[in-house]
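Biologist: I would like to learn how to read a sheet and a domain contact from a set of coordinates. Could we go through the model together, beginning with the terms?

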Amino acid sequence: MSTQQIRLTGAGGQGLVLAGIILAEAAMREGYNVAVAQSYGPEARLGASRAEVIISTQKIAYPQIDQPDLLLCLTQEAYDKYISNLGEQALVLADSSQVLIATNHLKPKIIALPLQQAAIEQIGSKLVTNVVALGALNALAQLVSWEHLAAVVVERTPQKYRAQNLKALEIGCALTQTTKESRA
Amino acid sequence: MSKQEFVQGNEACARGALYAGCRFFAGYPITPSSEIMEYLAREMPKVGGVCVQLEDEIASISAVIGAAWGGVKAMTATSGPGFSLMQENIGYAAITETPCVIVDCQRWGPSTGQPTKAAQGDVMQARWGTHGDHPVIVLTASWVREVFEMTVHAFNLAEQYRVPVILLLDEVLAHLRENVTLPAAGELEIVERTEDTEEKMLNFGEGARLMVTGMAHDETGFPAQGEKAAQHLKRIVGKIEERAERLMRYQGFYLDDADYLIISYGITSRAVEAAVERLRAGGIPIGWLDLKILWPFPEKLIREISSQMKYILVPELNLGQLVREVERAAAGQAPIAHLGRVDGSLITPEEICKHVHVGALSGQTRGSAPTS
């Protein structure tokens with residue numbers, strides 16, 4: 001990996017910026033240069049929101065992304081907006097419990113996993129969907145080690161919710177295993 | 001004992017302020033500057049300072065001026081709408097020669113505009129926002145570490161020259177997080193208010209009788225008119241303008257063999273850095289001047305350098321502000337082009353490359369500058 005450009009998209013309040021921060025901080029601990037830029041509307045919650053994470057072995061001059069290598073979509077609006085602007089070998093992770101995947105987008109590799117559904121069913125709260133998504137994204141793209149990611153999740157989470165978020169990370173990781181198995 | 005940290009631009013500003021010895025902050029929250037006050041509300045009491053939220057930005061700058069006269073280093077932070085409200089008292093700080101720091105995290109304007117979108121539209125307001133001729137220093141930054149350094153520099157200049165210093169940031173840099181190694185304790189010079197500062201200041205209530213007034217005044221502090229008022233104004237403006245060369249702060253890249261030049265500042269410099277590397281790799285003799293101080297404008301530098309250039313591009317997130325100063329300083333020696341973007345997004349490296357290719361190679365220019 002020389003440079004990975006990751007775009008995390010969804011709605012305000014879903015914790016996309018936090019997910020970006022956690023991912024970047026874990027990558028920083030592995031010696032990479034990182035930058036997280038955020039973009040959101042004027043609303044306090046809802047409205048389109050995205051975080052852009054750049055992880056690189058080189059100096060990061062321009063801090064925003066044109067065409068991402070990795071795209072996470074937690075809402076239909078985000079999916080519709082960003083699916084057509086991707087890098088050559090891009091990988092897309094979409095929340096299948098929220099997003100209807102258009103079949104005409106055959107070019108990118110799209111993995112659809114029930115991220116929010118898993119958060120609600122297995123943890124009882126959709127608030128941890130961002131961490132479920134992070135676990136799945138990292139398992140699919142092999143961005144950072146589990147140890148670093150889990151350590152940052154613990155540090156960036158209030159003590160009361162630590163166990164819940166660690167479990168969310170594991171659930172996300174496990175979701176990717178089930179898809180691989182079901183495909184085989 | 002410096003270590004890599006993962007820090008946001010606004011946090012770097014707040015930490016730079018504490019490092020510089022700032023012990024008073026007053027403000028009113030506004031996107032995209034709010035994290036500066038959030039950080040200081042938490043951390044300022046730990047170092048014995050005061051962080052207070054006031055009813056608006058007018059009260060905030062007023063309290064900052066009062067605190068500065070009380071003997072502490074003081075700062076406020078805001079964005080366009082709040083910066084507009086502060087203008088009258090920035091003039092008061094200028095005429096009373098009050099050292100203070102005002103951070104403006106620029107957002108798309110005018111008015112409420114687009115609160116969460118970046119702009120560089122306050123360049124002229126920072127210089128001329130308050131009425132009347134007046135002294136002011138305006139700094140900018142492009143990197144998270146640089147936000148820290150320039151905040152410290154802002155306090156140093158404010159104390160050294162008894163002048164309000166404005167730090168112009170923008171939404172993207174304010175919210176950008178990157179891995180940085182911030183300066184360790186003792187690494188950066190800190191100017192303290194002592195007998196040795198170039199413009200000596202007495203604190204209110206410490207021995208001498210002081211008159212602090214926004215009226216034109218003489219050295220006793222009492223109102224002045226006519227020639228005495230003119231002398232007063234010329235002195236406070238002159239103390240900064242006459243030091244323009246000493247205050248100059250910039251980085252130059254590939255200037256020795258450049259035929260074409262980009263002059264940029266703030267967040268736009270990040271795109272320029274990426275573009276310059278690509279253009280150089282493509283064999284274009286491009287040079288780059290990355291400005292860290294906007295006012296006083298580095299006029300002599302631009303005048304000298306532009307005589308060697310066949311084309312100068314000024315990219316900025318506005319419809320043409322600093323480019324006018326560049327045109328004035330270049331005085332027709334080189335054709336000058338402007339790349340302005342005002343849709344709330346950053347200028348990209350691709351746009352800059354395209355402009356340089358088209359402009360430099362075809363001699364396309366802005367305004368009346370002669371083509372050569």
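Modeller: Two strands count as paired if DSSP finds at least two bridges between them. The model here is predicted, and in chain A, A:Leu70 stands opposite A:Leu91 in β5(A). Strand β4 (residues 70-73) of chain A is joined to β5 (residues 91-95) of chain A by four bridges, and the two strands run parallel.

Biologist: In what order do the eight strands of the open sheet lie?

Modeller: Reading across, the order is β6(A)-β5(A)-β4(A)-β1(A)-β3(A)-β2(A)-β9(B)-β1(B), with mixed pairing. On average, neighbouring strands of this sheet are turned by 20 degrees against each other, direction ignored.

Biologist: Why is one side of β6 of chain A and of β1 of chain B left without a neighbour in the sheet?

Modeller: β6 (109-113) of chain A and β1 (4-8) of chain B stand at the edges and each has a single partner strand, so one side of each lacks a neighbour in the sheet.

Biologist: Turning to domains, how is chain B divided?

Modeller: Chain B has domain 1 (4-181) and domain 2 (251-362), and their centres, taken over C-alpha atoms, are separated by 27 Å. To the contact, domain 1 of chain B gives 23 residues and domain 2 of chain B gives 17 residues.

Biologist: Which elements give two or more residues to the side of domain 1 of chain B that touches domain 2 of chain B?

Modeller: They are β6 (114-118), α5 (123-128), β7 (137-140), β8 (164-170) and α7 (171-175) of chain B. By class, that side of domain 1 of chain B, where it touches domain 2 of chain B, holds 15 nonpolar, five polar and three charged residues.

Technical notes: Residues are numbered from 1 along each chain as its sequence is written. Chains are lettered from A and ligands numbered from 1 in the order in which they are written. This is a predicted model: local features need pLDDT of at least 70, side-chain atom pairs count only at pLDDT 80 or more; totals for chains, interfaces and linings use all residues. Axes are lines fitted to C-alpha atoms, for helices over the stretch in contact, and angles run from 0 to 180 degrees between N-to-C directions. Domain bounds come from an automatic or database domain assignment. Two residues are in contact if their C-beta atoms, placed from the backbone, lie within 7 Å. Ala, Val, Leu, Ile, Met, Phe, Trp, Tyr, Cys and Pro count as nonpolar, Asp, Glu, Lys and Arg as charged, and the others, Gly among them, as polar.
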